[in-house]
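Welcome! Please take a moment to look over the sequence and the 3D structure, and then we will walk through a few places together.

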Amino acid sequence: MADNGDKGVTLPAFRNEGYLDFATPANQAGMLSALASARMQLGRHYGERSGERLVSTNPARPDEIVGTHAAATRQEACEAVDAAYAAFAAYSRTPAGERVEALIRAAELLRARRLTFNAWLTFEAGKTWAEADAETCEAIDFCEYYAREMARFMSPPPLVQLQGERGEARYIALGVGVIIPPWNFPLAILAGMTVAALVAGNTVVIKPSSETPTIAALFVELLLEAGFPEEAIRLLPGPGSVIGDVLVSHPLTRFVSFTGSRDVGLRINELAATRQPGQRWIKRVVAEMGGKDAIVIDSECDLTAAVEGVAASAFGYSGQKCSACSRAIVHRDVYPAFLEALRARVERIPVGDPADFGNYMGPVISAGAKRGILEYIEIGKREGILISGGSGVSTPGHYVAPTVFANVPAGARIFQEEIFGPVLAVTRAENFEQALAMANDSPYGLTGAVYSNNGDHLELARREFFVGNLYLNRKCTGAMVGAHPFGGFNMSGTDSKAGGPDYLLLFLQAKSIAEKLA
Ligand code: NAP
């Protein structure tokens with residue numbers, strides 16, 4: 001049982017939320033109506049603090065303000081951790097069953113507001129209808145899954161009982177968690193990291209991405225409505241470069257749950273490792289970072305499926321997923337056929353405003369991101385042969401054409417560095433073993449896929465492809481909560497396996513108790 005004599009909670013078995021089919025007129029009408037309602041609320045101001053404002057804009061229409069937010073100062077960041085610490089003692093002692101029930105209510109509210117959140121994801125993060133819906137479903141799944149996980153940890157398995165003693169283990173909360181999500185899954189990743197911490201009994205300070213603070217504000221409103229106490233959650237928008245160090249190095253911060261780029265993750269890890277005056281614990285850092293994900297295409301495989309899988313993984317959400325395929329490594333026997341089919345497939349990708357149903361690829365997140373991606377495209381023109389795309393799209397939104405380079409050598413920068421945009425490097429391998437070696441030639445190790453009909457080659461990939469999430473004969477994006485626990489090796493992070501049975505332990509500590517019997 002949990003720390004306070006809690007009764008167990010019984011919930012029906014977990015099931016992933018099914019995606020909406022937007023081909024049906026009713027769903028289309030629902031989404032159009034949600035977009036229209038959200039559009040009426042664009043430009044609202046969130047937060048009560050005075051001073052600097054963060055302005056979030058629509059990446060498809062940069063003149064459109066999605067929301068303005070009170071940006072926290074360093075002093076306010078410090079005070080937020082102090083306040084979350086003050087609230088921890090009481091919140092961590094709430095019966096775990098109550099926290100589980102609040103989380104199930106949060107899932108219900110998300111389900112009820114699914115199209116509304118979809119619409120905000122379209123406006124603030126530039127997601128197409130399908131990408132937005134998949135993300136909202138993932139957020140619902142995280143709530144449902146971690147609620148069940150907490151219910152499981154409320155009844156730990158029995159220990160070996162020594163004669164004359166009664167032994168037990170209890171899982172207890174850690175303290176104040178600083179939650180730092182990225183913009184590319186501003187609802188699902190924010191929700192997953194936050195609710196895992198909260199349901200385990202921790203208080204949180206959430207520093208949302210400066211690109212997507214509105215979705216964070218709406219999700220925190222929903223958590224409060226679901227019954228999580230206000231004192232347990234501090235939402236603190238503000239530039240990471242200004243308040244990040246304060247939050248991470250604060251002596252009362254107990255853990256940091258970060259998802260974002262490699263360099264910021266490494267900085268957080270380093271800073272958290274330095275003991276501050278008054279600090280009583282070793283801070284725990286969970287850092288999920290970048291990727292340079294590869295799909296290997298063998299000579300014996302379903303080439304049509306491989307082309308489809310590569311196109312979807314490389315260009316879904318404009319390649320702005322940590323799991324996006326940015327390298328296709330293709331056996332020489334099928335290389336020309338693959339390239340030709342891929343070029344034809346990519347040219348059919350409709351690019352445009354994600355609020356318009358039918359566009360497959362929307363904008364990239366910001367003008368800065370577009371600049372960075374175009375710089376990599378120029379590098380790519382020197383390193384490989386451009387076969388598709390290769391430029392920005394001249395509309396007011398931050399659009400980049402889906403871009404493919406062929407004949408890219410394994411040492412090339414576009415083969416090695418995370419670009420985080422719709423840019424794919426295609427490389428030819430002499431044989432399957434060489435293709436696998438090339439795939440592993442990366443400082444990252446997040447996702448990877450293999451298309452092959454050869455059982456020995458699939459087995460070799462199972463053993464030797466060094467990634468946290470390996471997919472065989474399917475795309476390398478689209479991890480499902482519960483089915484594909486998610487997290488990467490090497491510079492991709494701490495392999496936390498979000499959405500899996502090991503995840504909640506990262507937010508808990510075990511206490512072992514032995515009582516001598518009279
Ligand atoms: P980012 O630039 O590293 O930012 C991530 C978060 O860190 C943002 O909230 C950012 O705030 C904050 N931050 C910036 N500087 C900070 C500092 N010094 N201290 C503390 N926090 C700081 O990453 P991003 O551009 O948002 O996201 C894209 C990256 O995330 C890619 O590398 C992608 O591969 C990775 N990603 C990984 C996973 C995974 O599961 N492995 C999932 C999704 C994304 P500001 O917005 O205010 O700068």
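## Terms and origin

A residue is called buried when its relative accessible area is under 20%, exposed when it is over 50%, and partly exposed in between, using a 1.4 Å probe and protein chains only. This is a predicted model, in which local features need pLDDT of at least 70, side-chain atom pairs count only at pLDDT 80 or more, and totals for chains, interfaces and linings use all residues. Residues are numbered from 1 along each chain as its sequence is written, and side-chain values use heavy atoms, leaving out hydrogens and water.

## A buried valine

Let us start with Val 100, which sits in helix H3 (residues 96-112). Helices (H or I, at least four residues) and strands (E, at least two) are DSSP runs, numbered from the N terminus. Val 100 counts as buried because its relative accessibility is 0%.

What does Val 100 touch, leaving aside neighbours within four places in sequence? Its contacts (heavy atoms within 4.5 Å) are Val 9, Leu 11, Ala 147, Met 150, Ala 151, Met 154 and Val 199. Leu 11 is 89 residues away from Val 100 along the chain, yet their C-alpha atoms are separated by 9.8 Å.

## Around the ligand

The ligand is surrounded by 31 residues, each with a heavy atom within 4 Å of it. The closest are Ser 210, Gly 240, Ser 261, Met 289 and Glu 418. Helix H8 (240-249), strand S8 (253-259) and helix H9 (262-273) each give at least two residues to this shell.

A polar backbone atom of Pro 181 is 2.9 Å from a ligand oxygen, and a polar side-chain atom of Lys 207 is 3.0 Å from one. On its own the ligand has 910 Å² of accessible area, of which the protein covers 87%; such areas come from the Shrake-Rupley method with a 1.4 Å probe.

## Two residues with positive phi

Most residues other than glycine have a negative phi. In the loop between helix H10 (303-315) and strand S11 (325-331) you will find Tyr 317, whose phi is positive, near 45 degrees. Ser 318 is found in the loop between H10 and S11, and has a positive phi of about 55 degrees.

Are these residues buried or exposed? Tyr 317 is buried because its relative accessible area is 3%, and Ser 318 counts as buried at 1%.

Terms used. Polar contact = N/O pair within 3.5 Å; in protein donor to acceptor, adjacent residues only side chain to side chain.
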